[in-house]
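Have the structure open as you read.

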Amino acid sequence: MARLILENLHKSFNGEAVVKNINLTIEPGEFVALLGPSGCGKSTILRMLAGFEPVSDGQVTHGEICLSSNKHHVATEDRNFGMVFQSYALWPHMSVKDNVGYPLKVQKIKSDERDRRIQEALEIVQLEEYADRLPAQLSGGQRQRVALARSLVTEPDVVLFDEPLANLDRHLRAKMEETFRAFHKRTGATIVYVTHDQSEAMSLADRIAVLNKGELVQWGTPQALYATPKNTWLANFIGRGSVLKVSEIAPQQYVNSTDLHDLIKRYSSEQVFSSVLVRPQDIRFVPADAFSIIVTVDNCIFRGERYDIELTLEDGQKLLTYSDVPMTINSPHHIRLEQAWSLESES
Amino acid sequence: MTPSLIKARFIDGPSMDSQLRWLSIGLFVLIATLSVVPSLRLLVEALSQVTLSASSPLAEVLRSERTWIALKNSFYTSGLGTLIAVVLGCGFGFVTTLTNIRGRAVWVFCFMLPMMIPPQVTALSWLQLFGPASPILNTFGIAPTLGSPQPMYSAEGIALLLGIQSAPLVYLALRTQLIALPQDLLEAAQLAKASPFRVWVDIIVPLCRSAIVAGAALAFVSSLGNFGIPAMLGIPAGYIVLPTLIYQQMAGFGNDMLSQVASLSMIIALLVLAGMLLQQWLQQRSRYALLGHTAKSISFRLQRWRLPLELLLAVILCFILVAPLFALIVSSLVPALGMPLTLDTLTFSAFHEMISRQGVTKRAFENSVFLAFVSAFVLMVVSLPLGYLLMRLPMRTRAVIASLIEVPYAIPGIVLAIAFILLFAKPLPFIEISLYGTLGIIFLAYLSCFLSVCLKPVLSAMSQLDPVLEEAAQLAGARPLKRLVDIILPLTAPAFFAGGLLVFLISINELTVSALLWSAGNETLGVLIFNLDESGDSVLASAIAVLVVMLVAGLMSLLSLCAPRLPKGVIPWHD
């Protein structure tokens, strides 16, 4: 097992940069998600890791080996990586067993050894009894599990996932997420997982690299991304909450309740501003006093276990919070904000 | 951290595997030899004649009265033929594509058949249908008196057959456009209370106009290059068109005969090129941006008109296909030309003679089957890596190479044959082997001519293949050749098979190229029928032609059988 290092990685197509200056160090056995909206360059990074695309600049190293740089390129065939594709990429003319066993056949592994390993891989994804079926005879979830078995059968150092759940329905996704988690636990392989779905990334990954417009926005654990996002774009992208304009304050720090209320009240009289992130659970409804903030209920939406309440401040800014009971629209209320996180402005 | 490069393989072009590089070089040489060199050789020969002296071969060709007569005749027969093709092709196109007519597949199959039947067989069967010696007319006792002229030996006869042969080209161009018309258009017009006739006149015809003109251009070009029909019908009547003029000049063995025919073929090539450019330009213009989904194409419900329309189609098909083929069969069953067919005269002696007689018939069969089989096989083997490499090229480069491959197929066979004579008239350098006068030269000409026929279905199948299937094999560690054999080949196999079968079908009946390249001992089936008819043995010629038609229909049916497993559009006569 070895570290996977992306150093100053750069990629441009026809002079247009789609991946800019990415630096990531992925520890052996780590589950890493590349998260971002479509067109952010996450799939391009994955294709460079797989060796389908040469890099324009910078390099990818795996342990002591340089996989890609602008001078050298190890062919995909020589990388011993596994990959699970969004469209499964099962070969329709081969049975499940042959699909899973093909990488072993290419490596010229003897047939009894091969059969044993195919059997093992199918056991992990619980598809033993489907070995002789053709991919066309399987459901979407089963096909994805075959693809999973194929990616692990050679015991690769790194397994790449390219939006593997995008083609499955919601119900099946939760089940497959569980399968992926078990797969990671059992194989201990390094996993690089591309997705545009933040909840998928948050629930699966050890660490997440959030990308926007080809650049790395933030690289950290899911908890860190949620609690301490770097800028307003990321605060809007991950989790629920409201970004408020307040009087100027240094970025990347927690603001306590007293300071926050002061900043909000001063904002209307000042031109310069900073942005802070207020999570819904940090808002309390309180009886009126000199300290509290006056709001109006804008909207009340039933969400099952609770209500989403949209509030408007006196200066017109919006806030989102939750309530266990429904609230009357246009009714005035008083709230206290427990804390907030100050953000960098989006560059 | 300093990168260590212990295991990395050094490759100077990233992502280009060495296996792929060698494959590319090999195929580049092959395409250059097969596609580019013959065309260039012809150009050089023709251009080298452009001198100011009045005695140069080009000047002589241009001064000769026969050249201008042939040119005028070519334009007349091709023009009239195109007109007939447009009427037939559009009629069939609109009826079989837009209406709920019964047995559509059968109509389409029968209508496409004339395109696949070799022109000399078409000509032979029409000759058997009319004229004083017609067995059918004699059987009914209504044959014209002996000595009266055969009506097919005329410019109009040639034009009629050219029209029938190229009508499927117009049909195909029209049909492609009709299928793309969305049902929404019809429904919107119906909501506006337009009658079906108004819909057809106001909406469908305008949207198809350019497609029809493009099809007509294609029919004109193909008629211009047709050799079999004017050779069988024009030569006996002394009616000369450009391809038959070249053929007759070739027999002349004049002083600078080769230079003269090269100049003549350049004239045809230029005319054809102009036609092709016109057709491409029109086809691009014809692409109206069609809004709406095309999941369902337009279909009119014929009610009381359905039966009369079906009868009309049947009558037309009877006239252009069934009657001539019937005449052909009848003539193969009479003892000698001019005799009526009765139970007493019925004889299979022509078939007996054909099969049992040693010598030229057997040899021609063997030669044609051998040539067709080897050409189909070689082209299939070449198409796999060639298609694979083309798909990896950028769009623009791919288009350029694809049109280079198309050139030998597009230029008339007679021009290609001249190019090959020019190339191989002298023994090959270094190895001192002469291909001229062997089957080898015909074989090479077939490879050059039919490469695009075989490649097209393969390319279309490969472009429909999801690239991740190959990427997955790459991750599994498979190198290009292994991926080609394990993944790409099995998934595109039906298209391959179809490509090979199409090549076999076309080359086993080929006449034009082999008419100029054959030599004693190296006859092909096409040449044999032509020669037998020329020497007056049309009963035996008919018998062979009957077998050829059966072969064509059989192979076409075989292709139809594998149609469901092929990408759309690979088999022209199938949905």
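## A sheet in chain A

Start with L6(A): its bridge partner in β4(A) is V60(A). Keep in mind that this is a predicted model. Strand β1 (residues 4-13) of chain A and strand β4 (residues 57-62) of chain A run antiparallel to each other, paired over 5 bridges.

Zoom out and you'll find an open sheet of 4 strands in chain A, ordered β2-β1-β4-β5 and paired antiparallel. The edges belong to β2 (16-26) and β5 (65-68) of chain A, and each has a single partner strand, so one side of each has no neighbour in the sheet. On average, neighbouring strands here are turned by 30° against each other, ignoring direction.

## How confident is the model in chain A?

The mean pLDDT of chain A is 91, and 99% of the residues score at least 70. Among the chain's elements, strand β3 (residues 31-35) of chain A has the highest mean, 96, while helix α5 (residues 170-187) of chain A has the lowest, 87.

## Two helices in chain B

Now over to chain B, where helix α4 (residues 104-116) packs against helix α7 (residues 155-180) at an angle of about 120°, with the axes 7 Å apart. That angle is why α4(B) counts as oblique to α7(B). The crossing of α4(B) past α7(B) is left-handed.

Who's touching whom? From α4(B) come F111(B), M112(B), P114(B) and M115(B), and from α7(B) come I164(B), Q165(B), P168(B) and Y171(B). Sorted by class, the contact of α4(B) with α7(B) has 7 nonpolar residues, 1 polar and no charged ones.

Definitions and conventions:
Residues are numbered from 1 along each chain as its sequence is written. Chains are lettered from A and ligands numbered from 1 in the order in which they are written. This is a predicted model: local features need pLDDT of at least 70, side-chain atom pairs count only at pLDDT 80 or more; totals for chains, interfaces and linings use all residues. Axes are lines fitted to C-alpha atoms, for helices over the stretch in contact, and angles run from 0 to 180 degrees between N-to-C directions. Angles under 35 degrees count as roughly parallel, over 145 as roughly antiparallel, 65 to 115 as roughly perpendicular and the rest as oblique. A crossing is left-handed if the near helix is turned anticlockwise from the far one by less than a right angle, and right-handed if clockwise. Two residues are in contact if their C-beta atoms, placed from the backbone, lie within 7 Å. Ala, Val, Leu, Ile, Met, Phe, Trp, Tyr, Cys and Pro count as nonpolar, Asp, Glu, Lys and Arg as charged, and the others, Gly among them, as polar. pLDDT is the predictor's confidence in each residue, from 0 to 100. Two strands pair if DSSP finds at least two bridges between them.
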